[in-house]
Amino acid sequence: MTPQEILSNIFGYQHFRGAQEEIINHILADGDALVLMPTGGGKSLCYQIPAIIRPGVAIIISPLIALMHDQVTALQQIGIRAAYLNSSLTPDQARFTSQQLRQGALDLLYVAPERLMTPHFLDFLDTTDIALFAIDEAHCVSQWGHSFRREYIELSILHQRFSGIPRIALTATADDLTRRDIIKYLGLEQAKKFIAGFDRPNIRYRVVQKKDPQRQLLSFLRAEGHQGDVGIVYCLSRKKVEKVADWLTNQGFIALPYHAGLPNELRKEHQIRFLREENIVIVATIAFGMGIDKPNVRFVAHLDLPKSLEAYYQETGRAGRDGLPANAWMAYGLQDVVMLRHFMEKSEADEQHKRIERHKLDSMLGYCEMTGCRRQALLNYFGDHLPHACGNCDTCLEPVAMYDGTEVAQKALSCIHRTGYRFGVHYLIDVLLGKTTARITQFRHDQVSTYGIGKELSKEEWQSVFRQLVARGFIKVDIEAYGSFHLTEQARPILRGEQRLDLRKEHKYKTSKDKKYSRSSRTNFTDSDQILWKNLRTKRLELSIAQNVSSYVIFHDSTLEEMVQQCPKNLAEFAQLTGVGNSKLQHYGKIFLEVLEKHTLKYSDVAK
Ligand code: ADP
Ligand code: ZN
């Protein structure tokens with residue numbers, strides 16, 4: 001079969017995406033490749049199709065043991081001979097797989113790197129007919145990243161020991177340092193580089209000023225119709241994870257906590273439920289996510305600021321892998337800035353690393369405070385360019401105004417000075433607003449020249465001013481001295497009136513349902529469509545439980561949506577759906593056609 005025939009007959013897709021076809025042909029012609037594609041870009045097909053066509057077995061190296069079962073089952077479901085070897089198998093299961101391998105009964109074998117590197121396994125491979133090596137999550141070879149894996153460095157021996165066998169390294173991590181490490185450590189200097197743009201156009205980015213984050217989260221979820229959707233909520237601390245999960249549960253969501261402090265068993269159970277079920281919100285620390293490739297995550301929410309744009313992009317990138325509309329939402333406030341700046345000052349790293357960390361944090365803060373298109377800024381950070389504003393981020397949808405903030409900045413900064421550098425934001429705002437509190441009277445700050453000079457702004461507006469001044473480095477916060485505010489060198493020109501400062505004007509916090517933010521074709525569903533959608537999902541869940549696999553292994557949401565929209569009446573029409581190849585047609589065609597037929601009958605009855 002040709003690559004195109006495999007794509008349509010086996011995978012049930014009509015067209016290749018981006019560079020897929022070119023990459024496949026390159027591997028088929030014995031070439032090595034380095035593939036950089038965003039999450040959800042379709043990297044897997046790039047080695048799966050050559051694996052089927054080339055003689056011998058393809059060895060897929062991946063650190064994501066937890067996913068191998070689903071990945072392999074998904075392939076078996078469409079009739080591909082695939083298996084995996086990792087520490088989760090019983091000795092009997094492992095023996096069975098080795099036997100299949102020996103008999104040449106496999107097209108793909110997924111292995112963990114530590115398994116691959118055992119002398120026994122390498123010897124075994126010497127005598128095996130190998131189609132290709134695919135090195136997934138190739139960024140694990142780089143010590144710069146946050147997912148460094150020592151065994152990945154050793155993968156350089158593949159090049160020497162199995163020369164002549166094509167290797168394809170794949171990653172979604174974009175930055176230049178990582179890319180150079182991959183080439184260097186995996187010996188891919190001669191490999192052809194396929195570098196796709198990193199845009200994730202279906203993800204809508206939004207950053208809101210943090211006030212009452214839990215309530216804000218809830219309004220966001222409601223306004224966006226996310227009840228019943230799959231989502232991830234990231235928090236910084238374990239305690240907060242627990243609290244937010246409890247709270248969302250009380251609000252009617254199925255919310256499960258996930259962090260490194262939970263007993264192993266429970267954590268695993270929550271991860272499995274998240275993968276298998278279709279309406280779970282996982283509330284997690286950053287411990288959650290490496291290799292979560294559930295395609296229909298509809299939102300990723302951050303209640304705390306990530307440390308860097310790399311982390312932010314990776315975490316938000318877990319949304320919308322199926323290409324359907326998804327939300328990345330973040331609440332951000334003064335406290336976030338203060339904490340992250342503090343962690344960085346305390347960091348034990350050497351000067352060079354500190355400089356990198358500082359640059360990363362500044363970029364993150366700059367992103368939060370920006371008034372231009374967020375997507376353009378993100379892509380720019382990763383060395384990618386978007387020539388026009390995206391139209392699908394908050395600043396594009398509701399442009400942010402700037403104002404000349406020189407005078408208010410002067411008031412804020414001099415209030416810090418007048419009160420003797422001993423107070424934090426709440427106190428300073430009270431002084432600016434001319435409040436009468438016991439502390440202000442006690443310290444006689446109702447006598448200073450800045451008392452009551454800030455009545456033109458509300459408390460919230462002052463918070464935004466102080467946050468921007470901290471984020472932009474005019475104010476330093478001393479956590480150890482009760483969060484007292486200090487001025488930096490940079491503040492001088494402002495105070496002396498030598499520098500103008502433009503500030504961002506915050507939007508008023510909205511709770512209303514904003515039509516502009518409604519998403520997904522599902523919002524066009526009629527009531528009867530909604531019922532059908534639910535029934536199709538129930539059928540899918542039933543099948544996935546019976547087979548002990550994640551639902552998307554049976555069908556993706558996008559395929560179910562097409563069923564609702566096109567309502568196929570027979571197998572020939574069913575075969576036209578995206579994601580339905582020969583094998584899925586055979587296994588599930590009749591089952592889902594029955595659900596569709598029942599629904600049509602019932603609703604045409606009602607119509608009569
Ligand atoms: P990545 O590994 O790059 O994150 P995947 O390989 O998991 O992405 O693919 C993401 C999704 O896109 C999967 O659901 C996959 O089945 C689907 N997909 C890949 N290639 C195509 C294509 N040519 N047409 C339609 N869907 C595709
Ligand atoms: Zn934009």
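How many residues of domain 2 are in contact with how many residues of domain 4?

Guide: The model is predicted, so local features need pLDDT of at least 70 and side-chain atom pairs pLDDT 80 or more, whereas totals for chains, interfaces and linings use all residues. Residues are numbered from 1 along each chain as written, chains are lettered from A and ligands numbered from 1 in written order, and side-chain values use heavy atoms, without hydrogens and water.

An automatic or database assignment divides the protein chain into domain 1 (3-195), domain 2 (203-397), domain 3 (406-504) and domain 4 (527-607). At the boundary in question, 11 residues of domain 2 are in contact with 12 residues of domain 4, contact being heavy atoms within 4.5 Å. Taken over C-alpha atoms, the centres of these two domains are 32 Å apart. Together they bury about 900 Å², of which 47% is on carbon and sulfur atoms; this is the accessible area (1.4 Å probe) lost on being put together, summed over both parts.

A polar side-chain atom of Arg321 lies 2.4 Å from an oxygen atom of ligand 1, and one of Tyr13 lies 2.5 Å from a ligand oxygen. Gln20 places a polar side-chain atom 3.0 Å from a nitrogen atom of ligand 1.

Technical notes:
Polar contact = N/O pair within 3.5 Å; in protein donor to acceptor, adjacent residues only side chain to side chain. Buried area = accessible area lost by both parts, 1.4 Å probe.
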